[in-house]
Amino acid sequence: MSHNTFGHLFRVTTFGESHGPALGCVVDGCPPGLALTEADIQADLDRRKPGQSKFVTQRQEPDTVRILSGVFQDERMPQPLTTGTPIALLIENVDQRSKDYAEIRDKFRPGHADYTYFAKYGVRDYKGSGRASARETAARVAAGAVARKVLASLYGEVKIRGALIQVGTQKIDRARWDWAETANNPFFCPDVGAVAPWTDYLEGVRKAGSSVGAIVEVVAEGVPAGLGAPIYGKLDADLASAMMSINAVKGVEIGDGFATAAMSGEDNADEMRAGSDGKPRFLANHAGGILGGISSGQPVVVRFAVKPTSSILTPKQTIDVNGTETEVFTKGRHDPCVGIRAVPIGEAMLAIVLADHALRHRGQNG
């Protein structure tokens with residue numbers, strides 16, 4: 001399998017399978033001299049790890065990260081510093097239950113990558129879906145923590161935050177948006193009024209052995225104007241690629257996205273006035289902080305849709321590896337809404353893209 005590396009100057013290569021001994025990544029292109037410890041990375045991994053509520057998979061993984069290379073410390077240094085060489089990060093798997101997949105090893109789950117993986121490679125890791133599992137994204141979250149360090153070294157505080165804004169048919173009230181609330185509930189929900197209804201809704205989904213999709217919104221504030229390029233290096237194009245690379249993501253929009261199709265030119269215009277700091281003051285942000293593929297200095301806003309997980313208890317019609325018609329249903333531990341844990345993953349991918357573009361901008365513009 002090729003194509004396991006993302007980025008140009010800040011490059012992330014992930015490795016490992018859901019039920020293998022470990023997974024991880026190699027981060028190449030991180031500048032030297034940045035303070036980096038395992039604790040810096042662990043904080044983000046703890047937000048993504050499974051088993052934290054009954055609304056996500058009950059697989060118990062501590063997701064403890066180890067830095068294997070790329071940092072150095074001796075008695076002259078209060079903390080480890082990056083050396084500019086590849087940073088290898090390792091996360092061990094400790095709670096695999098491969099027997100849960102024995103009954104589906106020859107069957108293709110509808111809506112899953114089972115069939116396409118088999119069609120392409122002629123062999124399939126049915127135990128936890130191998131690289132098709134959302135477990136792979138733990139390595140991305142680890143790499144995203146490094147990317148945040150790069151952004152902080154270049155621009156000071158770049159605040160990257162995410163929230164779940166829709167679960168199945170249930171949406172938030174944006175008038176009640178409060179970023180602080182995302183840390184107070186198991187859904188990363190910014191609307192305190194939506195938490196109780198979502199709890200009841202997902203409890204019904206969970207008890208039925210079913211699943212639902214979700215929409216995640218990620219926002220980066222403190223991004224300077226100038227990141228990206230007008231044609232083949234568009235910042236929004238790379239963001240779309242990054243978000244679409246996340247398991248189960250089926251749609252991405254920047255700013256108002258698809259809603260702009262129903263707007264007039266007057267409604268969609270992000271008008272500008274002179275700011276007191278010499279920079280423009282925008283009166284709206286329909287463009288999501290990106291114009292012509294280049295950041296405008298406004299908050300970068302990305303939204304992505306996550307499909308329902310295909311591992312459900314309801315029998316569905318399918319075929320097996322021999323082409324025989326059959327039925328399949330999935331036992332084991334699965335997310336009734338995989339979109340919940342996609343919030344820190346989306347944040348990580350946003351950080352990785354911004355770090356890559358920041359280094360590319362510095363390389364061209366000094």
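Student: How do the residues of the lining of the largest cavity divide into nonpolar, polar and charged?

Tutor: This is a predicted model: local features need pLDDT of at least 70, side-chain atom pairs count only at pLDDT 80 or more, and totals for chains, interfaces and linings use all residues. Residues are numbered from 1 along each chain as its sequence is written, and side-chain values use heavy atoms, without hydrogens and water. Ala, Val, Leu, Ile, Met, Phe, Trp, Tyr, Cys and Pro count as nonpolar, Asp, Glu, Lys and Arg as charged, and the others, Gly among them, as polar. The lining divides into six nonpolar, two polar and two charged.

Student: How much space lies in the largest cavity?

Tutor: A cavity is a set of points on a 1 Å grid over the protein atoms alone, where a 1.4 Å probe fits but cannot get out; lining residues have an atom within 4 Å of a point. Points are joined across faces, edges and corners, and the volume is the space filled by probe spheres set on them. Arg 48, Thr 137 and Arg 341 are among the lining residues. The space is about 60 Å³.

Student: Which residue forms a salt bridge with Arg 124?

Tutor: A salt bridge puts a side-chain nitrogen of Lys or Arg within 4 Å of a carboxyl oxygen of Asp or Glu. Here the closest N and O atoms are 3.3 Å apart. Both residues are buried (under 20% relative accessible area; exposed is over 50%, partly exposed in between, with a 1.4 Å probe and protein chains only). The partner of Arg 124 is Asp 114.

Student: How far apart in sequence are the parts that Arg 135 and Asp 63 tie together?

Tutor: Their side chains meet in a salt bridge, 2.7 Å from N to O. Helices (H or I, at least four residues) and strands (E, at least two) are DSSP runs, numbered from the N terminus. Arg 135 lies in the loop between helix 2 (114–121) and helix 3, and Asp 63 in the loop between helix 1 (38–48) and strand 4 (65–67), so the gap between the parts is 72 residues.

Student: Is Arg 360 buried or partly exposed?

Tutor: Arg 360 meets Asp 238 in a salt bridge of 3.2 Å, N to O. Asp 238 is buried at 16% relative accessible area. Arg 360 has 23% relative accessibility, so it counts as partly exposed.

Student: How far apart are the end C-alpha atoms of helix 3?

Tutor: The expected span is 1.5 Å times one less than the number of residues. Helix 3 (residues 137–155) has 19 residues, so it should span 27 Å. The distance in the model agrees with that, at 26 Å.

Student: Which residue in strand 3 stands opposite Thr 14?

Tutor: Two strands pair if DSSP finds at least two bridges between them. Strand 2 (residues 11–16) and strand 3 (residues 22–28) pair in the antiparallel sense over six bridges. A hairpin joins them through five residues. Opposite Thr 14 stands Cys 25.

Student: Which residues make up the covered face of strand 2?

Tutor: In a regular strand the side chains alternate between the two faces of the sheet. The uncovered face of strand 2 has Arg 11, Thr 13 and Phe 15. The covered face has Val 12, Thr 14 and Gly 16.

Notes: On a 1 Å grid over the protein atoms alone, a cavity is a set of points where a 1.4 Å probe fits but cannot get out, and a pocket is an open set with protein on both sides within 12 Å along at least five of seven lines; lining residues have an atom within 4 Å of a point.
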